[in-house]
Amino acid sequence: MAATSGILFLGVALLLVASASAQLNETFYAKSCPGGVQAVANAVIAGVKADRRNAAGLLRLHFHDCFVRGCDASVLLKTVPGGPKAERDAAPNLSLQGFSIIDTAKAALEKQCPGVFSCSDILALAAANAVSFIGGPKWKVPLGRRDGSVSLASEAVSKLPGDGFTYQQLISNFAPVGLNENDMVALSGAHTIGLTHCGILTPRLYTSPPDPTLNSTFVTAQKAACPQTQTSKPLDLDFNSGKTFDVTYYKNILSHSAVLRSDSALISTSSGRSKVTTLAKNPKIFFSAFASAMEKMGRANVLTGTKGKIRTLCSKA
């Protein structure tokens with residue numbers, strides 16, 4: 001009986017999630033804030049023109065938001081004095097960037113249609129606009145999300161994927177967001193424009209011997225790029241074409257030249273290797289899979305209808 005009750009509860013929960021997701025649509029602001037979607041695009045394009053790295057920053061912001069409490073813009077909230085640390089102050093989020101672009105877009109929207117356009121919708125649109133602008137895949141962004149009011153650093157630490165995750169841990173980590181194994185491998189491709197710091201890689205380079213999952217040519221080249229004492233030096237996750245959204249990232253993994261241990265883990269199983277090989281050989285399949293997964297992620301545990309709120313300032317609940 002207990003098992004049956006659990007199954008029924010899960011079924012109801014899934015129906016509620018599906019119901020909230022179904023309330024999203026691309027024309028949500030057509031009457032309430034015409035021109036609002038374009039206002040977001042204008043702010044994003046200006047930001048990415050100023051610094052192409054902002055494309056990766058905005059994509060990562062959306063990802064880190066949706067993995068904690070769903071796509072509710074909780075990652076944008078600042079820590080309140082005397083309160084618990086917010087998500088943006090959690091260790092995995094200290095290198096997040098793009099906040100100022102979101103704030104610029106929100107300020108423009110508040111002048112145009114006060115109290116109407118949610119911060120969570122801005123985040124979703126910003127990621128899509130940024131990736132498309134630099135030549136990456138395009139995907140539909142249904143709108144109508146509302147903003148959350150709770151942001152906890154402890155949840156970001158527990159729910160975001162880590163560099164040391166195994167292949168199975170990555171699959172398990174993506175599942176609560178409604179993403180399957182194929183989605184996980186495709187979304188890992190966001191690292192094609194990602195940036196980290198040498199401190200992530202140096203432990204793999206300067207052990208004796210170096211990490212055996214890395215090829216010797218890569219180790220030699222990265223030791224030159226990342227001296228052991230320069231752990232804060234910036235480092236492309238896709239060292240061959242870090243500013244271009246392409247399949248080089250997957251080719252690097254297959255040649256045992258992945259910066260992150262979790263990226264190397266993608267070929268630690270036969271299933272993962274097969275998926276990585278397919279994407280490495282087929283840019284169109286990669287773009288299609290990435291776009292599909294982003295659409296799914298953008299619907300994760302959203303607040304709609306009367307749930308949540310519309311923040312007038314994205315950093316304040």
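The model is predicted, so local features need pLDDT of at least 70 and side-chain atom pairs count only at pLDDT 80 or more, while totals for chains, interfaces and linings use all residues. Residues are numbered from 1 along each chain as its sequence is written, and side-chain values use heavy atoms, with hydrogens and water left out.

**View A. Disulfides along the chain.** A disulfide here is a pair of cysteine sulfur atoms within 2.5 Å. The count comes to four. Counting bonded cysteines along the chain, the pattern reads 1-4, 2-3, 5-8, 6-7.

**View B. The link of Cys66 and Cys71.** The two sulfur atoms sit 2.0 Å apart. A torsion of about 115° about the S-S bond makes this disulfide right-handed. Cys66 is buried (under 20% relative accessible area, with exposed over 50% and partly exposed in between; 1.4 Å probe, protein chains only), at 1%. Cys71 is also buried, at 0%.

**View C. The link of Cys119 and Cys314.** Here the sulfur atoms are 2.1 Å apart. The S-S torsion is about -95°, so the disulfide is left-handed. Cys119 belongs to helix H5 (residues 119-133) and Cys314 to the segment after helix H14 (283-297), so the bond ties together parts 195 residues apart in sequence. Helices are DSSP runs (H or I, at least four residues), as are strands (E, at least two), numbered from the N terminus.

**View D. The link of Cys198 and Cys226.** Their sulfur atoms are 2.0 Å apart, and -70° about the S-S bond gives a left-handed link. Cys198 lies in helix H9 (residues 198-205), and Cys226 in the loop between helix H10 (216-225) and strand S2 (234-236).
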